[in-house]
Amino acid sequence: MEKIEDEKIKLEDVKPDKNVRILTGDRPTGKLHIGHYFGSLKSRVTLQDQFETFIEVADVQALTDNFNNPEKVKQNVSQILMDELAVGIDPNKVTFFLQSLIPEIAELTVFYSNLVTISRLERNPTVKTELAQKRALFGESVTYGFLGYPVSQAADITAFEAKLVPVGEDQLPLIEQCREIVRKFNSIYGETLKEPVAVLGNFPRIKGLDGNEKMGKSLGNALYLSDTEDVIKEKVMAALTDPARIKKDDPGHPDICMVYYYHKLFGNEEECKNVCEECKAGKRGCVACKKELIKNIDNTLRPIREKRHYYEERPNEVKDILMAGTAHARDIAKETMIKVKKSMKLDY
Ligand code: TRP
Ligand code: SF4
């Protein structure tokens, strides 16, 4: 894998190799929705057969901006794990682990914190955007922990010597920050850590049911993997359509209609073509159109919901999966720690 030298590569350009380790993760702050499904979960199902895959439940990172709500973070650890299992990520192929149970990550974070300046963190584009949002939330004060979360994310990645990190565009500055830390570490303490590469997939950002560019819990416009058929129905019936269509024979503009947008995600090509043509010609009622979409969404989500239900009834099995994965992950982090301490002359 020495050939991967670029800071970022495209998913389709990476040759599958079970000896190459990839690491990705999620903050347990809410259940996963179809934005996550099309954005990352689907590709994880493919990646698990191609690489040695590690998936972190980043509870410590979630606390950086939810420190006053530990209950929320705790509850969502099992929720997102069940979402991942439900979409077909296989615990026999993938190592799931919980960040807070790997103290080596916290230790590395402390060591790395000497290798990055405060101004560099403040200039990190991802942090910068989030800081602007957080300032509105926390008032003027931003915590040291929040500002430093890219350092902790660098520890997540390097603790496992992960080579590839599949992420969305918004996370690229965090991977770049990690690479800088690795280079600095290696130049001061000697060649020790591996520089990771960001892998950009064809991960589309899914708009919300209300047409908002972003789907999210706080926006109230998300379709969750755990939503029941009735909830899906209710949400789709309330989705944004072309406001110019009052009567069935009014010619419509599918391009501004969220129902059409979702047809493109859940329907086949022919169905989408029909929706588009019939809508434009005023030959399709919005209610019928929504019903067809509900059926298609349900065809995709039903098996996921059923699998999720299996795990909902077996919380111990979910916990065992996380604990077994964490034990395996910790063994690897311990090995890295030995190397790091040796390089830093902390090997007492
Ligand atoms: N910051 C990531 C997010 O908000 C989550 C994350 C934590 C992560 N640790 C990671 C992603 C390590 C990739 C690698 O989505
Ligand atoms: Fe949207 Fe379908 Fe109504 Fe056209 S017919 S506006 S695509 S819901």
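In the predicted model examined here, helix 13 supplies the largest share of the lining of the largest cavity, namely 3 residues. Helix 13, which spans 286-312, is joined in this lining by helix 11 (258-266) and helix 12 (269-280), each of these elements contributing at least two residues. The lining comprises 13 residues, and those that lie nearest the centre of the cavity are Arg-245, Cys-257, Cys-279, Cys-286 and Cys-289. When the lining is divided by class, 8 residues are nonpolar, 1 is polar and 4 are charged. The volume of this cavity is about 100 Å³, and a search of the whole structure returns 1 cavity of 30 Å³ or more.

The second largest pocket, with a volume of about 500 Å³, is lined by 22 residues, of which Thr-109, Tyr-144, Gly-145, Gly-148 and Ser-152 are placed nearest its centre. Two or more residues of this lining come from each of helix 2 (59-64), helix 4 (103-112), helix 5 (118-123), helix 7 (144-147) and helix 8. Among these elements, helix 4 provides the largest share, at 5 residues. In terms of class, the lining of the second largest pocket holds 13 nonpolar and 9 polar residues, whereas charged residues are absent from it.

Attention then turns to the surroundings of the ligand. The shell around ligand 1 is made up of Leu-23, Thr-24, Gly-25, Arg-27, Glu-56, Ala-58, Gln-61, Gln-153, Asp-156, Val-165 and Gln-171, and its residues divide into 3 nonpolar, 5 polar and 3 charged. Taken alone, ligand 1 exposes 360 Å², of which the protein buries 87%. The elements that give two or more residues to the shell are strand 2 (21-26) and helix 8 (149-159), with strand 2 accounting for the largest share, 3 residues.

Conventions. Residues are numbered from 1 along each chain as its sequence is written. Chains are lettered from A and ligands numbered from 1 in the order in which they are written. This is a predicted model: local features need pLDDT of at least 70, side-chain atom pairs count only at pLDDT 80 or more; totals for chains, interfaces and linings use all residues. Side-chain values use heavy atoms; hydrogens and water are left out. A residue is near a molecule or strand if one of its heavy atoms lies within 4 Å of it. Accessible areas come from the Shrake-Rupley method with a 1.4 Å probe; for residues, only the protein chains shown count as cover. Helices (H or I, at least four residues) and strands (E, at least two) are DSSP runs, numbered from the N terminus. Ala, Val, Leu, Ile, Met, Phe, Trp, Tyr, Cys and Pro count as nonpolar, Asp, Glu, Lys and Arg as charged, and the others, Gly among them, as polar. On a 1 Å grid over the protein atoms alone, a cavity is a set of points where a 1.4 Å probe fits but cannot get out, and a pocket is an open set with protein on both sides within 12 Å along at least five of seven lines; lining residues have an atom within 4 Å of a point. Grid points are joined across faces, edges and corners, and a volume is the space filled by probe spheres set on the points.
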